[in-house]
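This briefing walks through one protein model, moving from its strands to the packing of its helices. Please keep the sequence and the structure in view while reading.

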Amino acid sequence: MNDQRCDVWAAGDAYEQYMGRWSRLAAEKFATWLKCADDLRWLDVGCGTGALSTVVSTQCRARTVLGIDRSEGFVGSARVAAPVSTHFIVADARALPVREGMWDVAVSGLTLNFLPEPTVAVAEMARAVRPGGLVAAYVWDYAEGMSFLRRFWDAVVEVDPSAAALDEGRRFPVCRPERLQKVWADAGLVAVATAPIEVPTVFADFADLWEPFLTGQGPAPGYVASLAPADRDHVRDVLDAAVPRRPDGSIALTARAWAVRGRNQSA
């Protein structure tokens, strides 16, 4: 199967059910880690449904926020509940439609691994910020830190070993601190630092964990959508047997992201 066929991101409601509830928690911790002043101009590249843009607007008390994403469906969802100072447009992260040096901070949440040329996008973010401006991002640690996805792909490979190549932990090597540091350095950024961001992912029961995999949004749900019903049920049953449960039936796991930041040294 072509990897890109599984990387479908278009419907905001489906994304919220699958990943949005966890990405908001990561966005809040990321914003706290950045320790930025109030009243800054923020650019959110790959804004998705607007989780990070909203956190930046409220938690960081931004003067203005511009969110950019190539998915019209996501941008439409982001606009629904956007704060007054936040705006969204459809555009490509590799060719940002903004003037050079007009932003104080450029950020990207959970997006870089889906871009064919992440260094190009980061260089564009660096171009967009003023001298001394901050460029920062975070991505899920698919290889080791995303417990519910790790268990999902382990179940998939047990059922179908040929699907191992679709595992996000293998597909997205940029989602490691050393790789992120290199991308930032290659984009000419300085004072580069990385940090882990960990959030709880607590599911009420197995249905709460499994049903988001049926939405078709993202690599793992996209893979599930490609399966015949019997194979889908087999993966579900293997996963069901593998996840730990609390006495009340809930499933308490964790999700880790890696965050990176650096400064534009252009004079």
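In this predicted model, strand β2, which covers residues 64-69, is largely enclosed by the rest of the structure, because five of its six residues are buried.

**Strands around β2**

- A right-handed β-α-β unit is formed by β2, helix α4 (residues 72-80) and β3.
- As background for looking at any of these strands, side chains in a regular strand alternate between the two faces of the sheet.

**Helix α5 and its surroundings**

- Helix α5 spans residues 118-128, and its buried residues are Pro118, Ala121, Val122, Glu124, Met125, Ala126 and Ala128.
- These buried residues of α5 pack against several strands, namely β1, β4 (103-109), β5 (129-140), β6 (189-203) and β7 (251-264), and also against the helix α8 (177-186).

**Helix α6 and its two partners**

- When two helices pack together, the arrangement is described by the angle between their axes and the distance between the axes.
- The axis of helix α6 (residues 147-159) comes within 11 Å of the axis of helix α10 (residues 219-226), and the two cross at roughly 30°; α6 and α10 are therefore roughly parallel to each other, since angles under 35 degrees count as such.
- The crossing of α6 past α10 is left-handed, and the residues that meet there are Leu149, Phe152, Trp153 and Val156 from α6 and Pro219, Ala220, Tyr223 and Val224 from α10.
- With helix α11 (residues 229-242), the axis of α6 comes within 9 Å and crosses at roughly 130°, so that α6 and α11 are oblique to each other.
- In contrast to the left-handed crossing with α10, α6 passes α11 in a right-handed crossing.
- At this second contact, Arg151, Phe152, Ala155, Val156, Glu158 and Val159 of α6 meet His234, Val235, Val238, Leu239 and Ala242 of α11.

Terms used:
Residues are numbered from 1 along each chain as its sequence is written. This is a predicted model: local features need pLDDT of at least 70, side-chain atom pairs count only at pLDDT 80 or more; totals for chains, interfaces and linings use all residues. Side-chain values use heavy atoms; hydrogens and water are left out. Buried means under 20% relative accessible area, exposed over 50%, partly exposed in between (1.4 Å probe, protein chains only). Helices (H or I, at least four residues) and strands (E, at least two) are DSSP runs, numbered from the N terminus. A crossover is right-handed if, with the strands pointing away from the viewer, the path from the first strand over the helix to the second runs clockwise. Axes are lines fitted to C-alpha atoms, for helices over the stretch in contact, and angles run from 0 to 180 degrees between N-to-C directions. Angles under 35 degrees count as roughly parallel, over 145 as roughly antiparallel, 65 to 115 as roughly perpendicular and the rest as oblique. A crossing is left-handed if the near helix is turned anticlockwise from the far one by less than a right angle, and right-handed if clockwise. Contact means heavy atoms within 4.5 Å.
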